[in-house]
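Welcome! Please take a moment to look over the structure shown here, and then let us walk through it together.

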Amino acid sequence: MHEELTMPTLRQILYGDVTFLEGEEYRAFQFRFLTVLMLAGAVVTGLLLLGVATGINTIDTLHVVSMAIFMSLSLLLWLGLRGRPHLLLKLAWMYEAVCMAEYTSALYMVSADEMRVIWYFTNIPGVYILLGQKAGMLITLATMLGLAVGNAYLPQPYSINAMATLLVALFYLGAFFHIYGARSMSYFVRMRESNQRLRHLASHDPLTDLLNAGAYYATCDQLIHLAQRHHQQFSVLFVDLDHFKKINDTYGHEAGDIVLKAVSKTMLSVVRQSDAVGRIGGEEFSVFLPDTDLAGAHKLAEHMRQEIEDLMPQIATQRLRITASIGIATSDQVGESMAAIQRRADQAMYEAKQLGRNRVSCFATTT
């Protein structure tokens, strides 16, 4: 069979195969912004060069060479950035240097165009967006100083009034973006933190801070897909606290909450960072163990069972002995759903209950 060939999308052509983590939204924006800026600069310069070639406009030969170099470097920097977001800051500084060189070339070699100085103004917002406030302030002041000192050496210097207007306008633009950038970043950070809190609240159980049932099963589906892609085994633990109803009936629901919090904290301390832990019922928990065979799952489950038994949380004036029955199911079958393996882990847990509680029981798959 022949592999199906797929045409790359415009996004892939422009940016390459890039992914950004949660919380990197602004960095993703900067990456795309710089990409578009480089390509737009190359296209605009190419159109100007086309105008020179067709006789629509006349530009000094030396500056034509400068424009050709600028267009070539812009395309090369874009190719260097494409698919490499880790190079964003370095290439942004390189592109800024190339742009400033091109603007300065136009300033000295295209004296017939009084509006050529406008390119310095278009540069300021991009610097603040890509390089930050300190760099934006530095480039703004350096541009003002360069224009003020260099004006006397231009073939056709700007008048004193025109230069004063240019410098004041540059200062105003830099100050505007400095304030706007500070406020925008502050707002962005607050929004990101707020969204993170909302996502956490939506996906976690408010009492134990474990994944709630919906988020847990969604996470497990993703982990199963990843495990099957890499042909890895995975295991699931079904954890049920023994005689939990008796604790609530005897000591009250506040005591039950204390026990649930203590058990949840213990479970999180036992598992790996790559594992998923969810509260799927009142006193029922489930643990997904990627890349874990039956022996590894049993070892972890036994350790977890012992840690829970050793908890002895303080309730009023006494300490309670808490135990748990844990069922294990493991699978390496292609296409097996979380629901199927969870049912088998549940059956194994009930077997542990029937055998006297406070124990680990396994339900292995058959191949």
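This is a predicted model: local features need pLDDT of at least 70, side-chain atom pairs count only at pLDDT 80 or more; totals for chains, interfaces and linings use all residues.

## The chain as a whole

Stepping back, you can find 12 helices and 7 strands in the chain. Its C-alpha trace spans about 95 × 65 × 25 Å along the principal axes. The radius of gyration is 32 Å, while a compact globule of 367 residues would have one near 21 Å.

How much of the chain is buried? Buried residues account for 42% of the 367 residues. The accessible surface comes to about 20900 Å², and carbon and sulfur atoms contribute 62% of it. Contacts also reach along the sequence: of those between residues at least 6 apart, 69% join residues at least 24 apart.

Now let us zoom in on one residue. Serine 105 sits in helix α4, which runs over residues 88–109. Is serine 105 buried or exposed? Its relative accessible area is 10%, under the 20% cut-off, so serine 105 counts as buried.

Which residues does serine 105 touch? Beyond its neighbours within four places in sequence, serine 105 is in contact with His63, Ser66 and Val110. With serine 66 there is a polar contact as well, at 3.2 Å between the two side chains.

Our last stop is helix α9, residues 244–251, in which Phe244, Ile247 and Asn248 are buried. Why do these three residues share a side of α9? They cover an arc of only 95 degrees around the axis, and therefore lie on the same side of the helix. The other side of α9 carries Lys245, Lys246, Asp249 and Thr250, which are exposed.

What covers the buried residues of α9? The cover includes β1 (234–241) and α10 (253–270). Following α9 comes glycine 252, which has a positive phi, near 100 degrees.

Definitions and conventions. Residues are numbered from 1 along each chain as its sequence is written. Side-chain values use heavy atoms; hydrogens and water are left out. Helices (H or I, at least four residues) and strands (E, at least two) are DSSP runs, numbered from the N terminus. Buried means under 20% relative accessible area, exposed over 50%, partly exposed in between (1.4 Å probe, protein chains only). A polar contact is a pair of N or O atoms within 3.5 Å; within protein, one must be able to donate a hydrogen and the other to accept it, and residues adjacent in sequence count only if both atoms are side-chain atoms. Contact means heavy atoms within 4.5 Å. The arc is that of the directions from the helix axis to the C-beta atoms. The radius of gyration is taken over C-alpha atoms; the globule rule is 2.2 Å times the number of residues to the power 0.38. Accessible areas come from the Shrake-Rupley method with a 1.4 Å probe; for residues, only the protein chains shown count as cover.
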